[in-house]
Amino acid sequence: MLQIDLGSATPAYGQIANGLRALLVARDLEPGEQLPTVRQLAVDLGVHHNTVAEAYRQLASEGWLDLKRGRGATVLERPSPFPGPAARAQFTRRLEELLAKAITDGISRGDLAADLRRCAAEVREGVAR
Amino acid sequence: MKALPPMTSTFELTAVTAGILVLVAVLAYLTPGLTRPDLFFAVTVPASFRGTPEARDILRRYRAWVVIHSLIALGLGAGLARINGLAGMLAGIGLQQAGWFLAYYRARRRVTLHATPPTTIREAELRPRTARLPGGWVLQIGPFAALLAAAVYLRSRWADLPERFPVHWGLDGQPDRWATRSLAAVDGPLLIGAVVSASLVVLSWLLLRQSRQIRPGGLAGLAEHRFRHAVLSVLLACEYLLALIFTWTSLVPLSANVATRQGPAQPGEPAVSAPLVLTLLFVVAVAAILIRLGQGGTRLAGATGGRRQPPGAGPVGDRSPDRCWKAGVIYVNPDDPALFVEKRFGLGYTMNFGRPAAWVILALFLLVPLALSVWLVHAGS
């Protein structure tokens with residue numbers, strides 16, 4: 001199931017790409033699976049089909065999807081790329097920004113720590129798989 | 001156009017009018033209770049609003065108006081039918097529709113004061129939807145096969161068809177339009193039947209591909225899927241009913257006395273009441289099925305855990321903005337790619353008139369059968 005919020009400040013195509021990427025990383029979408037066509041997903045989410053097409057293109061450029069005209073999108077077996085130092089630094093910076101925003105919004109540090117532990121467990125589980 | 005044989009009795013017309021008025025009254029009375037819990041008179045409200053004294057009062061007044069107007073329409077229709085059957089029918093139905101809309105409009109205006117912003121959350125299943133019509137292409141072909149069979153049968157009985165036969169009758173039972181035996185006059189009803197059935201197949205396919213699921217996943221999603229399947233099955237049944245009626249109409253000239261009779265229809269002769277009554281029964285059956293399901297399958301046991309959606313549970317609304325609903329019944333949203341959306345007040349789907357495709361479809365559905373009918377009248381006369 002993919003969920004987006006049209007009231008969010010994040011553009012819809014970004015939310016679609018992020019949501020699909022999370023499902024791909026968690027292997028909820030397996031290699032070989034077909035995704036809905038651009039038009040079908042656009043109808044279901046109530047967004048313009050260019051929005052969905054942009055999200056699909058972004059994931060295809062990252063190596064997650066194979067886009068064939070008229071056949072929709074197929075999930076690919078994606079080899080893990082070599083992580084450059086910039087990618088790791090960017091992740092750390094974004095995580096720290098996210099944590100700062102969450103604390104600013106009043107989320108307790110205990111809750112944040114619990115969420116981070118859960119995420120860490122899922123990451124380890126994903127790596128083990 | 002080849003029309004149906006005469007209405008032989010004012011009593012029959014009055015009975016049909018009364019049947020239509022009673023059916024519409026029942027539907028109008030029940031409709032507010034059949035819609036999604038968080039849509040009341042086509043306005044997005046918290047699901048808990050229906051239980052408030054204000055909502056109960058709005059509903060009570062609406063229903064009282066529906067009953068009063070329906071009774072007046074019934075009296076007027078029956079009274080006028082003694083003088084002119086068709087005028088009675090039209091006046092009764094017209095008055096009831098006006099009264100219903102007025103009752104709805106007043107109720108809606110009060111509910112608007114309690115409106116809540118619809119959710120901005122959108123969800124989608126990621127499994128590609130199966131684009132299969134009920135019964136597959138085998139059942140979809142059935143009506144066309146029946147019409148084709150009738151055409152072949154008429155060809156085999158060509159010599160038995162009268163040279164000239166009536167194709168339209170006035171309410172007094174007298175033929176008022178005739179056609180000579182020709183391909184257009186004989187096969188005309190079958191051609192119209194085929195065009196209308198083909199239109200319904202296209203409509204079903206578009207409904208399958210171009211409508212959004214409001215609650216994907218879970219029991220509510222399954223119920224919604226069943227509702228969509230039921231609507232598509234109704235469209236299929238409609239194709240068969242139309243094929244039956246048009247086939248029957250095309251065979252009327254074979255009736256022994258239909259070509260020579262000058263007076264009212266004789267006993268045993270096919271009468272217009274047969275297809276009318278059949279259609280009325282069909283509408284009653286369809287209404288019963290859809291009422292049992294509720295809009296979007298919301299009345300199915302288990303759809304929301306065996307009860308209606310509890311207050312505060314799940315997103316509010318049908319994932320369409322209130323401002324895009326004109327009078328709560330016409331949806332106009334150019335930013336929504338869905339061509340079909342669930343009706344907010346009623347059962348089934350309506351088109352998104354913010355998309356040019358909706359206007360093209362509407363024009364084709366109205367103009368093609370009309371143009372065909374006009375051509376056949378001229379070709380057959």
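Author: Two residues are in contact if their C-beta atoms, placed from the backbone, lie within 7 Å. This is a predicted model, in which local features need pLDDT of at least 70, side-chain atom pairs count only at pLDDT 80 or more, and totals for chains, interfaces and linings use all residues. Residues are numbered from 1 along each chain as its sequence is written, while chains are lettered from A and ligands numbered from 1 in the order in which they are written.

Reader: What makes α2(A) mostly covered?

Author: A residue is buried if 20 or more other C-beta atoms lie within 10 Å of its own, exposed if 12 or fewer, and partly exposed in between. In α2(A), 7 of its 8 residues are buried, among them Val38(A) and Leu45(A).

Reader: Against what do the buried residues of α2(A) pack?

Author: They pack against β1 (2–5) and α3 of chain A, together with β3 (121–124) of chain B. Helices (H or I, at least four residues) and strands (E, at least two) are DSSP runs, numbered from the N terminus.

Reader: How do you know what helix α3 of chain A should span?

Author: The expected span is 1.5 Å times one less than the number of residues. For the 13 residues of α3 (residues 49–61) this gives 18 Å, and the end C-alpha atoms are 18 Å apart, which agrees.

Reader: Which residues of α3(A) are buried, and why are they said to lie on the same side?

Author: Thr51(A), Val52(A), Ala55(A), Tyr56(A) and Leu59(A) are buried. They cover an arc (of the directions from the helix axis to the C-beta atoms) of only 135°, and therefore lie on the same side of α3(A). On the other side, Asn50(A) and Ser61(A) are exposed.
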